Every structure is written in structure tokens, then in C-alpha cells.
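Hi everyone, thanks for coming. Let me put the structure up, and then I'll walk you through a few parts of it.

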Amino acid sequence: MFKNNAFDALDPEIINRVVSRRDALRKAGNAAGAMAIASVPVAFAVMAKDAFAQGMPGDVTSVLNFALTLEYLEDEFYRTGLATSGLIAAENVPVFQQISKHETAHVALLLSALGGSAVAKPTFDFTAGGVFDPFGDSAQFLALSQGFEDTGVRAYKGQAGNLISDGATLTIALRIHSVEARHASEVRRIRGFKGWITNADVDVAALAPSYAGEDNKTQAGVDISGLGTAAAVTEAFDEPLTSDQVLAIAGLFIAA
Amino acid sequence: MNSDSTGRAELGFLARLANTTSRRKFVQWAGVTVGVVAIGCGDDNNGGTGPGSQDVNLGTGDTGVLNYAYALEQLEAAFYVQVIATPYAGITPDETAILTDIRDHEVIHRNFLKTALGANAIADLSVDFASIDFTSRTSVLGAAKTFEDLGVSAYNGAGALLTDVNNLLVAGKIVSVEARHAAAIRDLLAPKSAAIGFAGDDVIGADGLDQSNPPPTVLAAADTYVTTTINASGLPTS
């Protein structure tokens, strides 16, 4: 079912979407500056086309491969950042070493669980075709880190329901999910923001797709807008992303 | 109480979690853990004094799990309301902002769950924070760390007990916020520490996984701070 390379398993339509967005971003980036583009995604994940055809990864293997791709991305991002001299402020190095250690562990865990069904690691391009410069600009590194972590939280949350019939796997996924949320909180605070997400706010317009829908005020059919300020009621609940939503903001960092 | 003759190993484990001054309830928790004490124990009404101190029964199925979450959110909300009402000595503006936000979030979680549970919601719990020195930063933040890490481990353990994907989703929406809280509180206590900070080695294993605990373990730990006796015997176990 799964091909050896994650990108090979993509639906052609998704590839076209990603490629066209990369081209658009490259042009916009050249014109307007890398971090000022409204629609640049923080990207993640590829989806095996068999699973995508169903709208969401409907089986455990698909969910785990979806997760593995996110973890591959995070793992390589932090490894590269930590290996780049002078990129990360000395006081923050222990934080990113810790985060990196966890992402490496998540990759190993998922590879172990998937065995021969695991997708291969894609080739990443963290410049998104020349739009970003995360390893040359420490502010961009931090901004992308925040985007990856907050999106990772949303991606895992969106898959939990697909694991409800496999309690053991669901619990593992939840235990990764909360680690990503801890990471997100820390990186956000290093950047001078709250550890939690207010409304759908983000300081970098390029990251906006990763926060779309975080201003939701209806939970399990209950209107929570009267339970506190608009800021607080949206901060109190993190929102999921469906695999389609993840894909819609994804792929820019996957070169092949 | 009929638990004293059984479950010695569990008693020893729980003794480290439970307040030794609440021996009666501690024994009941131990009973829940070893499956000795069933619903009948919930008839014991000596768990506290005054309004709101009646025993509560969380119930069964998803309702029971959501009541379990509601109980924990009641506890957290009550704690942070007190923290903000009586700030500790030397609290900084940054700390006040963080703790006020967390108070607001926990109150929202509590009130949301009460609304969602409707007539099935358990009564208000009575709390006992006598073991916390609200004038002390170390005591308050230490308790906050305990509550947040405990909450994360509770939701992580409860997910697989739920059967309705909508309930699982809303639990997921809450747990990641609790994890954000936990990281922020931990970072106040140990800034940027890999060993004991936001996602320290003391809480995240070498496998990169956060904690997960079943309801009896969580409730035994929470028991130190709750006067009301909580009957969790109807909760699903898998």
C-alpha cells in the first residue's frame, strides 16, 4: 500500500497543488520579502493517496505514517538548527536540544511501530523554495519552530478520533500530542508571546494558515462565548486540523 | 471499610500519593484501585463538613469519564482562584499574567464541562488546600506544577476510556492547553532547563512520551486536596 518514498505516495492533485503554491510563493517572496506573505504555510506531512482518497487517514497505519512524516520534518529541522553555529542563542540551546531529543525519540518510536510499513523520510527544503531562511535568520528559525509545534499539536488532535478503536495506539499518540504542546508553549514564550493561542492570532502573517479556526467558540455543541473573555475562551481550547487542512498548508517544506 | 485486609502493595504505593491525614478516604481510594470497594462505599457520608461535601459518584461510561475531568477542573479552578485572590509574596507581573490566564482557562473548562454534562454533572467538590502555603512562590508554583502535570497525565490516560469521538476530541482540545500550562509553570520554576523544565526529563521519558495515568492513580494523588469523597468505581477501565 505504501511506497518507499512518502512523496511518491502523494496524490497527483496534491503534488500539483503543492508545486503551484511553491511557485507562487517563490515569486511573491522575491517581490515582497520572505516573511510577509499572507499565504505561506507552515508545512507538514504528506498523505498516502489511498488514505487521502477517503478524506482522512482512516486506518492506524495511515495515521502513524502521517505522524511519522511530521516527526521526520521536526527532527531534521531541529538537528539542522542545532548544527548551525550561532543560529540559536546560547541560553536557548538547552531548550532546543531537549525538543530535538523528543522529536528524534518520536521518529524512532513510530518507525518501530510501523516496521516495514513506514514511509521513507522525504527530502526537506526548509526554505520552501527560497521563501524562508530559517538557518540563516534566528528569528525565522524561532517562528518556524512555533509554527511546526502548534501545527503538530493540531495535526495529532485531528487524528485522535481515527485511533479511538485502538486504545493503546491512541494513548501513545496522546502522549506525543501533549509533548508537542509543551514544546509549543515554550517556543511561544521564548518569542515573547503567551504559551497558549489567543483567537487565531499570530504575529507572522505567513503562519496564519496554521492558526485558522483557533478562534472557535463552540465546543461539543456548547456556546462558550459567555464563559469568559473572547481571548480566554479561545485560549482554553486548542483546535484540531483535519488531514486535508494540514495538506492544504503542507508540502512546501518537502522537496522530494 | 473493608480494604485494610487487602491490596497491601497498592496501599504502600498510594500512601506516597495520599494525604496521611485523610486516612479514611485514602483507604477508599485504595479500595477502588484493588477493586474491593464498590458502589456501596459511596454511601459513606462522612467525607467532609458543610455544603458540597457529600460524596459524589462519577457515574459510568463517557459520562463518568467527563465527570472525572470535571472533578479535576473543579480542583484546578479552585486552586487558581485562590492563587489570584491571595498572590504570593514577590509575584512578578509576568507571573500574575500567566497565573491569571490559567485561572481563566480552568474556570472555563470547569463551567464548560458542567454545562456539557447537564443533569449528569456531579455536585460541587469541597477542596482542602491546607497543605499549600499561598504566601510562598515555591509552594504555589510547586502545587501548580503538580496539578498541571497530573491533569495532562489524567487526560492522556482517559482518552482511551472514551467511546464517543466527539468527547475524545473535546478532551484533546483541553489536554493540550493543560500541557501548555504545565510547560509555562515548569519554566517559571526552572527556566529553560532540560532536566526539570518545560518538558523535563522528570516528566518526559526517554521514549519522548508524556505521562499517562489511570483514574485511580490520579484521584489518589488529587485526594490530598479534595474533601469530598469521589466514587470512581463506575468508570471504564479500558
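**Helices and a shared interface**

Let's start with helix H6 of chain A, residues 167-190: at 1.5 Å a residue its 24 residues should span 34 Å, and its end C-alpha atoms are 35 Å apart, so the two agree. The expected span here is 1.5 Å times one less than the number of residues. Helices are DSSP runs of H or I with at least four residues, strands are runs of E with at least two, and both are numbered from the N terminus.

Before going on, some housekeeping: this is a predicted model, where local features need pLDDT of at least 70, side-chain atom pairs count only at pLDDT 80 or more, and totals for chains, interfaces and linings use all residues. Residues are numbered from 1 along each chain as its sequence is written, with chains lettered from A and ligands numbered from 1 in the order in which they are written.

Back to H6(A). After H6(A) comes Gly192(A), with a positive phi near 90°.

Now over to chain B. Seven helices and two strands make up its secondary structure, and along the sequence the pattern reads α-α-β-α-α-α-α-α-β. Chain B has 238 residues, and 54% of them count as buried.

Here is a helix pair I like. In chain B, the axes of H3 (residues 61-85) and H5 (residues 137-158) come within 11 Å and cross at roughly 165°; axes are lines fitted to C-alpha atoms over the stretch in contact, with angles from 0 to 180 degrees between N-to-C directions. H3(B) and H5(B) are therefore roughly antiparallel, a label for angles over 145 degrees. Among the residues making the contact are Leu72(B) and Phe79(B) from H3(B), and Phe147(B) and Gly151(B) from H5(B). By class, the contact has 12 nonpolar residues, one polar and one charged. Nonpolar means Ala, Val, Leu, Ile, Met, Phe, Trp, Tyr, Cys and Pro, charged means Asp, Glu, Lys and Arg, and the others, Gly among them, are polar.

Finally, the interface. How many residues of chain B are in contact with chain A? The count is 44, touching 49 residues of chain A, where contact means C-beta atoms, placed from the backbone, within 7 Å. H6(B) gives the largest share of chain B's side, 17 residues. That side has 23 nonpolar, 13 polar and eight charged residues.

Conventions:
Parallel < 35°, antiparallel > 145°, perpendicular 65-115°, else oblique. Contact = placed C-beta atoms within 7 Å. Buried ≥ 20, exposed ≤ 12 C-beta atoms within 10 Å, placed from the backbone.
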